Amino acid sequence: MTQKPILSAKNIKKELGKGAGRVLALRGVDMTLNPGELTLLMGPSGSGKTTLLSILGCILAPTKGTIKIAGQETGGLNPEDLAELRRAHIGYIFQSYNLFPTLNALENVRIALDVIGQKGYPAAQRAEEVLHDVGLGHRLKNFPSNLSGGEQQRVAVARAIASSPEIVLADEPTAALDSENGHAVMALLAKIAKEQKRSVLAVTHDPRTLGYADRVVRIEDGQIIGEERRPDGLDAPEIADLTKRRKANG
(Lines give C-alpha, C1' and ligand atoms only; values in the text may rest on other atoms or scores of the structure.)
Protein backbone atom coordinates (compact mmCIF):
# COMPACT_ATOMS: atom_id res chain seq x y z
CA MET A 1 0.00 0.00 0.00
CA THR A 2 1.35 3.44 -0.95
CA GLN A 3 2.11 5.59 2.07
CA LYS A 4 0.71 9.08 2.31
CA PRO A 5 3.42 11.73 1.79
CA ILE A 6 4.49 13.57 4.92
CA LEU A 7 5.28 16.60 2.74
CA SER A 8 3.88 17.69 -0.59
CA ALA A 9 4.77 20.76 -2.63
CA LYS A 10 2.90 21.86 -5.74
CA ASN A 11 3.82 24.41 -8.41
CA ILE A 12 6.46 26.07 -6.25
CA LYS A 13 7.83 29.27 -7.73
CA LYS A 14 10.35 31.59 -6.12
CA GLU A 15 11.47 35.01 -7.32
CA LEU A 16 14.69 36.45 -5.95
CA GLY A 17 15.70 40.09 -6.31
CA LYS A 18 13.76 42.96 -7.82
CA GLY A 19 13.60 44.95 -11.01
CA ALA A 20 16.38 44.28 -13.51
CA GLY A 21 18.03 41.92 -11.00
CA ARG A 22 14.94 39.75 -10.59
CA VAL A 23 15.61 36.02 -10.98
CA LEU A 24 13.07 33.22 -11.12
CA ALA A 25 14.95 30.67 -9.00
CA LEU A 26 12.17 28.05 -9.04
CA ARG A 27 9.81 27.64 -11.99
CA GLY A 28 6.91 25.50 -10.83
CA VAL A 29 8.34 22.59 -8.83
CA ASP A 30 6.27 19.64 -7.60
CA MET A 31 7.71 17.32 -4.96
CA THR A 32 6.56 14.81 -2.36
CA LEU A 33 8.48 13.22 0.51
CA ASN A 34 7.48 9.80 1.82
CA PRO A 35 8.20 8.12 5.16
CA GLY A 36 11.03 5.59 5.10
CA GLU A 37 12.80 7.03 2.04
CA LEU A 38 16.12 8.74 1.46
CA THR A 39 15.67 11.14 -1.45
CA LEU A 40 18.54 12.95 -3.14
CA LEU A 41 17.95 16.32 -4.81
CA MET A 42 20.77 16.71 -7.31
CA GLY A 43 21.72 19.54 -9.62
CA PRO A 44 24.53 21.91 -10.55
CA SER A 45 25.31 25.12 -8.68
CA GLY A 46 22.59 27.69 -9.30
CA SER A 47 19.97 25.08 -10.18
CA GLY A 48 17.67 26.08 -7.29
CA LYS A 49 18.18 23.04 -5.10
CA THR A 50 19.18 24.90 -1.93
CA THR A 51 16.39 27.44 -2.45
CA LEU A 52 13.91 24.58 -2.74
CA LEU A 53 15.29 22.92 0.40
CA SER A 54 14.87 26.17 2.33
CA ILE A 55 11.27 26.51 1.13
CA LEU A 56 10.43 22.90 2.04
CA GLY A 57 11.96 23.56 5.45
CA CYS A 58 9.78 26.66 6.01
CA ILE A 59 12.84 28.90 6.12
CA LEU A 60 11.87 30.72 2.91
CA ALA A 61 8.34 31.37 1.67
CA PRO A 62 7.50 30.54 -1.95
CA THR A 63 6.38 33.34 -4.25
CA LYS A 64 3.65 31.03 -5.55
CA GLY A 65 2.56 27.45 -4.92
CA THR A 66 1.42 25.39 -1.96
CA ILE A 67 3.21 23.28 0.64
CA LYS A 68 1.52 20.83 2.96
CA ILE A 69 3.39 19.33 5.93
CA ALA A 70 1.77 16.59 8.01
CA GLY A 71 -1.57 17.57 6.50
CA GLN A 72 -1.24 21.29 7.25
CA GLU A 73 -0.85 23.91 4.54
CA THR A 74 1.83 26.52 5.21
CA GLY A 75 0.25 29.32 3.19
CA GLY A 76 -1.08 32.10 5.38
CA LEU A 77 0.76 31.01 8.52
CA ASN A 78 2.52 33.78 10.42
CA PRO A 79 6.25 33.48 11.25
CA GLU A 80 5.56 32.13 14.76
CA ASP A 81 3.24 29.42 13.44
CA LEU A 82 5.74 28.48 10.72
CA ALA A 83 8.48 28.20 13.33
CA GLU A 84 6.25 25.96 15.44
CA LEU A 85 5.46 23.76 12.43
CA ARG A 86 9.17 23.51 11.65
CA ARG A 87 10.07 22.62 15.25
CA ALA A 88 7.35 19.97 15.36
CA HIS A 89 8.10 18.18 12.11
CA ILE A 90 11.49 19.10 10.60
CA GLY A 91 15.12 18.46 11.51
CA TYR A 92 17.76 20.38 9.53
CA ILE A 93 21.36 19.39 8.84
CA PHE A 94 23.67 22.15 7.62
CA GLN A 95 26.70 21.74 5.36
CA SER A 96 28.88 23.72 7.78
CA TYR A 97 27.66 21.79 10.88
CA ASN A 98 26.59 25.02 12.73
CA LEU A 99 27.69 23.67 16.11
CA PHE A 100 28.22 26.02 19.05
CA PRO A 101 31.98 26.02 19.68
CA THR A 102 31.62 26.64 23.43
CA LEU A 103 29.25 23.69 23.93
CA ASN A 104 30.27 20.04 23.98
CA ALA A 105 28.58 17.39 21.83
CA LEU A 106 25.96 16.55 24.44
CA GLU A 107 25.13 20.21 25.01
CA ASN A 108 24.90 20.90 21.26
CA VAL A 109 22.21 18.23 20.99
CA ARG A 110 20.45 19.26 24.18
CA ILE A 111 20.01 22.81 22.92
CA ALA A 112 17.79 21.51 20.11
CA LEU A 113 15.59 19.83 22.71
CA ASP A 114 15.53 22.96 24.84
CA VAL A 115 14.03 24.85 21.88
CA ILE A 116 11.00 22.53 21.87
CA GLY A 117 10.61 22.66 25.67
CA GLN A 118 12.36 19.44 26.66
CA LYS A 119 14.66 20.14 29.59
CA GLY A 120 16.41 18.54 32.54
CA TYR A 121 17.33 14.88 32.90
CA PRO A 122 14.95 13.57 30.17
CA ALA A 123 16.56 15.93 27.65
CA ALA A 124 20.07 14.91 28.71
CA GLN A 125 19.09 11.25 28.45
CA ARG A 126 17.62 11.72 24.98
CA ALA A 127 20.67 13.66 23.78
CA GLU A 128 22.98 10.92 25.02
CA GLU A 129 20.80 8.28 23.35
CA VAL A 130 20.93 9.86 19.89
CA LEU A 131 24.68 10.47 20.17
CA HIS A 132 25.10 6.76 20.89
CA ASP A 133 22.89 6.05 17.86
CA VAL A 134 25.24 8.01 15.58
CA GLY A 135 28.31 6.32 17.03
CA LEU A 136 29.49 9.12 19.32
CA GLY A 137 28.73 7.69 22.74
CA HIS A 138 32.44 8.08 23.56
CA ARG A 139 32.54 11.75 22.52
CA LEU A 140 29.75 13.22 24.68
CA LYS A 141 31.98 15.73 26.47
CA ASN A 142 34.13 16.70 23.50
CA PHE A 143 33.92 20.22 22.08
CA PRO A 144 33.70 20.75 18.29
CA SER A 145 37.37 21.77 18.15
CA ASN A 146 38.27 18.31 19.44
CA LEU A 147 36.10 16.46 16.92
CA SER A 148 36.90 15.53 13.33
CA GLY A 149 34.78 16.88 10.48
CA GLY A 150 32.94 13.58 10.24
CA GLU A 151 32.27 13.55 13.97
CA GLN A 152 31.00 17.13 13.90
CA GLN A 153 28.60 16.23 11.10
CA ARG A 154 27.35 13.25 13.12
CA VAL A 155 26.70 15.58 16.06
CA ALA A 156 24.72 17.74 13.62
CA VAL A 157 22.75 14.66 12.54
CA ALA A 158 22.07 13.74 16.17
CA ARG A 159 20.84 17.28 16.85
CA ALA A 160 18.52 17.12 13.83
CA ILE A 161 16.90 13.84 14.87
CA ALA A 162 16.80 14.38 18.65
CA SER A 163 13.21 15.64 18.62
CA SER A 164 12.10 12.72 16.41
CA PRO A 165 10.96 14.81 13.42
CA GLU A 166 9.16 13.07 10.57
CA ILE A 167 11.26 15.02 8.05
CA VAL A 168 15.05 15.42 7.98
CA LEU A 169 16.49 17.93 5.48
CA ALA A 170 20.23 17.93 4.77
CA ASP A 171 22.09 20.61 2.81
CA GLU A 172 25.18 19.10 1.12
CA PRO A 173 25.87 16.80 4.10
CA THR A 174 29.04 15.29 2.58
CA ALA A 175 30.53 18.35 0.85
CA ALA A 176 33.11 19.08 3.57
CA LEU A 177 33.97 15.43 4.27
CA ASP A 178 36.52 12.99 2.94
CA SER A 179 35.41 9.77 1.26
CA GLU A 180 35.26 7.61 4.39
CA ASN A 181 33.34 10.12 6.46
CA GLY A 182 31.07 10.98 3.53
CA HIS A 183 30.07 7.35 3.16
CA ALA A 184 29.59 7.03 6.93
CA VAL A 185 27.22 10.02 7.06
CA MET A 186 25.20 8.80 4.06
CA ALA A 187 24.93 5.32 5.60
CA LEU A 188 23.65 6.96 8.77
CA LEU A 189 21.03 9.00 6.89
CA ALA A 190 19.87 5.90 5.00
CA LYS A 191 19.60 3.98 8.26
CA ILE A 192 17.56 6.80 9.84
CA ALA A 193 15.17 6.78 6.89
CA LYS A 194 14.68 3.02 6.81
CA GLU A 195 14.77 1.99 10.46
CA GLN A 196 13.02 5.03 11.90
CA LYS A 197 10.62 5.53 8.96
CA ARG A 198 11.54 9.16 8.50
CA SER A 199 11.58 11.08 5.28
CA VAL A 200 15.14 12.21 4.56
CA LEU A 201 15.91 14.67 1.76
CA ALA A 202 19.54 15.52 1.00
CA VAL A 203 20.62 18.24 -1.42
CA THR A 204 23.86 17.15 -3.07
CA HIS A 205 25.98 17.14 -6.16
CA ASP A 206 28.20 14.37 -4.74
CA PRO A 207 28.05 11.18 -6.86
CA ARG A 208 29.26 9.16 -3.84
CA THR A 209 25.77 9.50 -2.36
CA LEU A 210 23.88 7.75 -5.16
CA GLY A 211 24.25 4.22 -3.81
CA TYR A 212 22.38 5.12 -0.63
CA ALA A 213 19.29 6.67 -2.23
CA ASP A 214 15.80 5.27 -2.64
CA ARG A 215 14.97 8.08 -5.04
CA VAL A 216 16.96 10.65 -7.01
CA VAL A 217 15.32 13.89 -8.14
CA ARG A 218 17.26 16.06 -10.59
CA ILE A 219 16.81 19.82 -10.84
CA GLU A 220 18.18 22.26 -13.36
CA ASP A 221 17.40 25.95 -13.99
CA GLY A 222 14.72 25.89 -11.31
CA GLN A 223 12.78 22.95 -12.77
CA ILE A 224 12.62 19.23 -12.02
CA ILE A 225 14.04 17.56 -15.12
CA GLY A 226 13.92 13.93 -14.02
CA GLU A 227 13.31 11.46 -11.23
CA GLU A 228 14.38 7.88 -10.75
CA ARG A 229 13.70 5.27 -8.13
CA ARG A 230 16.43 2.89 -7.13
CA PRO A 231 14.63 -0.32 -6.10
CA ASP A 232 17.90 -2.22 -5.99
CA GLY A 233 19.49 0.20 -3.55
CA LEU A 234 21.14 -1.07 -0.39
CA ASP A 235 19.06 -1.66 2.71
CA ALA A 236 20.25 -0.45 6.11
CA PRO A 237 22.09 -3.64 7.21
CA GLU A 238 23.89 -3.80 3.88
CA ILE A 239 24.84 -0.14 4.21
CA ALA A 240 26.23 -0.75 7.69
CA ASP A 241 28.27 -3.73 6.42
CA LEU A 242 29.56 -1.71 3.47
CA THR A 243 30.68 1.10 5.79
CA LYS A 244 32.49 -1.37 8.06
CA ARG A 245 34.28 -2.92 5.09
CA ARG A 246 35.38 0.49 3.81
CA LYS A 247 36.80 1.35 7.24
CA ALA A 248 38.54 -2.01 7.49
CA ASN A 249 40.11 -1.52 4.08
CA GLY A 250 41.24 2.01 4.90
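**Salt bridges and a helix**

Modeller: This is a predicted model. In it, E84 forms a salt bridge with R87, with the closest N and O atoms 3.0 Å apart.

Colleague: Where do E84 and R87 lie?

Modeller: Both are in helix 2 (residues 79-89), three residues apart, about one turn of the helix. E84 is partly exposed, with a relative accessible area of 44%, and R87 is partly exposed at 32%.

Colleague: How many salt bridges does the count come to?

Modeller: Eleven. Another one is between the side chains of R215 and E37, at 3.8 Å from N to O. R215 lies in strand 9 (residues 215-220) and E37 in the loop between strand 2 (23-33) and strand 3 (38-42), so this pair ties together parts 178 residues apart in sequence.

Colleague: Are R215 and E37 buried or exposed?

Modeller: R215 is buried, and E37 is buried too.

Colleague: What does E228 pair with?

Modeller: E228 forms a salt bridge with R218, the closest N and O atoms being 3.6 Å apart. E228 is in strand 10 (residues 223-229) and R218 in strand 9, ten residues apart. Separately, salt bridges that share partners join E37, R215, E227 and R229 into one network.

Colleague: Switching to helix 6, how far apart are its end C-alpha atoms?

Modeller: They are 25 Å apart; at 1.5 Å a residue, the 18 residues of helix 6 (residues 179-196) should span 26 Å, which agrees.

Colleague: How many of the residues in helix 6 are buried?

Modeller: 13 of its 18 residues, so helix 6 is mostly covered. Just after helix 6, K197 takes a positive phi of about 55 degrees.

Note on methods: Residues numbered from 1 in each chain as written. Predicted model: local features only at pLDDT ≥ 70, side-chain atom pairs only at ≥ 80, totals over all residues. Heavy atoms only, no water. Helix = DSSP H or I, 4+ residues; strand = E, 2+ residues; numbered from the N terminus. Expected span 1.5 Å × (residues − 1). Buried < 20%, exposed > 50% of the residue type's maximum accessible area, 1.4 Å probe, protein only. Salt bridge = Lys/Arg side-chain N within 4 Å of Asp/Glu carboxyl O.
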